[in-house]
Amino acid sequence: MSEAGGPIDDLEGVDVRGDLATAMGVEILEASAERVVARMPVKGNTQPYGVLHGGASCVLAESIGSLGAALHAGPGRIALGIEINATHHRAATSGYVTAVATRLHGGRTLANYEIVITDEQERRVCSARLTCAIRDQA
């Protein structure tokens with residue numbers, strides 16, 4: 001969390017959300033190379049049936065996993081998502097979902113994160129795994 005207790009908008013002057021995540025209302029609550037926590041509103045991110053869109057869960061998962069990988073990579077390096085998989089366990093229809101990305105592996109060229117997304121009752125909505133390639137920034 002930020003010092004004021006609200007969402008984190010930048011780390012060392014860098015926008016940590018990106019345009020897509022910003023448009024979807026993703027709020028970064030905690031961020032380190034080992035663990036990233038964020039939340040996203042269900043409203044505005046639903047499929048026609050009124051439930052959270054699976055693609056929105058994937059955007060949330062990749063956004064925070066990539067942030068963790070970028071923090072792991074460090075200055076002068078970038079992290080690029082190269083593979084994501086997700087299992088959708090239950091529907092979320094209102095409120096917010098919270099995602100926690102936990103680093104599984106952090107190497108010189110690859111980083112892997114497990115991302116668990118839960119609803120406001122702390123029920124698992126989605127489980128995802130993200131692999132990021134780490135490269136020198138051009």
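In this tour, a residue is called buried under 20% relative accessible area, exposed over 50%, and partly exposed in between, with a 1.4 Å probe and protein chains only. The model is a predicted one, in which local features need pLDDT of at least 70 and side-chain atom pairs count only at pLDDT 80 or more, while totals for chains, interfaces and linings use all residues. Residues are numbered from 1 along each chain as its sequence is written, and side-chain values use heavy atoms, with hydrogens and water left out.

**The whole protein**

Begin with a cartoon view. The protein contains 2 helices and 8 strands; helices (H or I, at least four residues) and strands (E, at least two) are DSSP runs, numbered from the N terminus. Followed along the sequence, the elements give the pattern β-β-α-β-β-α-β-β-β-β. Of the 138 residues, 40% count as buried. Contact means heavy atoms within 4.5 Å. Among contacts between residues at least 6 apart in sequence, 58% join residues at least 24 apart.

**Helix 2**

Select residues 54–73, which form helix 2. From first C-alpha to last, the 20 residues of helix 2 reach 28 Å, close to the 28 Å expected at 1.5 Å a residue; the expected span is 1.5 Å times one less than the number of residues. Helix 2 is largely enclosed by the rest of the structure, because 14 of its 20 residues are buried. Gly-74 follows helix 2 and has a positive phi, near 90°.

Within helix 2, select Ser-66. Is Ser-66 buried or exposed? Ser-66 counts as buried because its relative accessibility is 17%. Beyond neighbours within four places in sequence, Ser-66 is in contact with Ala-79, Gly-81, Leu-130 and Cys-132. Cys-132 is itself buried, with a relative accessible area of 0%.

**Cysteines and rings**

Next, display the cysteine side chains. How many disulfides does the structure hold? There are 0 disulfides, a disulfide being a pair of cysteine sulfur atoms within 2.5 Å. Cys-126 is in no disulfide, and the nearest cysteine sulfur, that of Cys-58, is 5.9 Å away. Cys-126 counts as buried, at 0% relative accessibility.

Now select Arg-39 and Tyr-96. The charged end of Arg-39 sits over the ring of Tyr-96, 3.6 Å from the ring centre; this requires NZ of Lys or CZ of Arg within 6 Å of the ring centre and within 35 degrees of the ring normal.

**Two arginines**

Move to Arg-108, in the loop between strand 6 (96–106) and strand 7 (110–118). With 65% relative accessibility, Arg-108 counts as exposed. Setting aside neighbours within four places in sequence, Arg-108 is in contact with Arg-77 and Ile-134. Arg-108 and Ile-134 are 26 residues apart in sequence and 6.9 Å apart in space, C-alpha to C-alpha.

Finally, select Arg-135 in strand 8 (residues 124–136). Arg-135 counts as partly exposed, at 42% relative accessibility. Not counting residues up to four places away in sequence, Arg-135 touches Arg-77, Ile-78 and Thr-109. Leu-80 is 55 residues from Arg-135 in sequence, with 8.0 Å between them in space, C-alpha to C-alpha.
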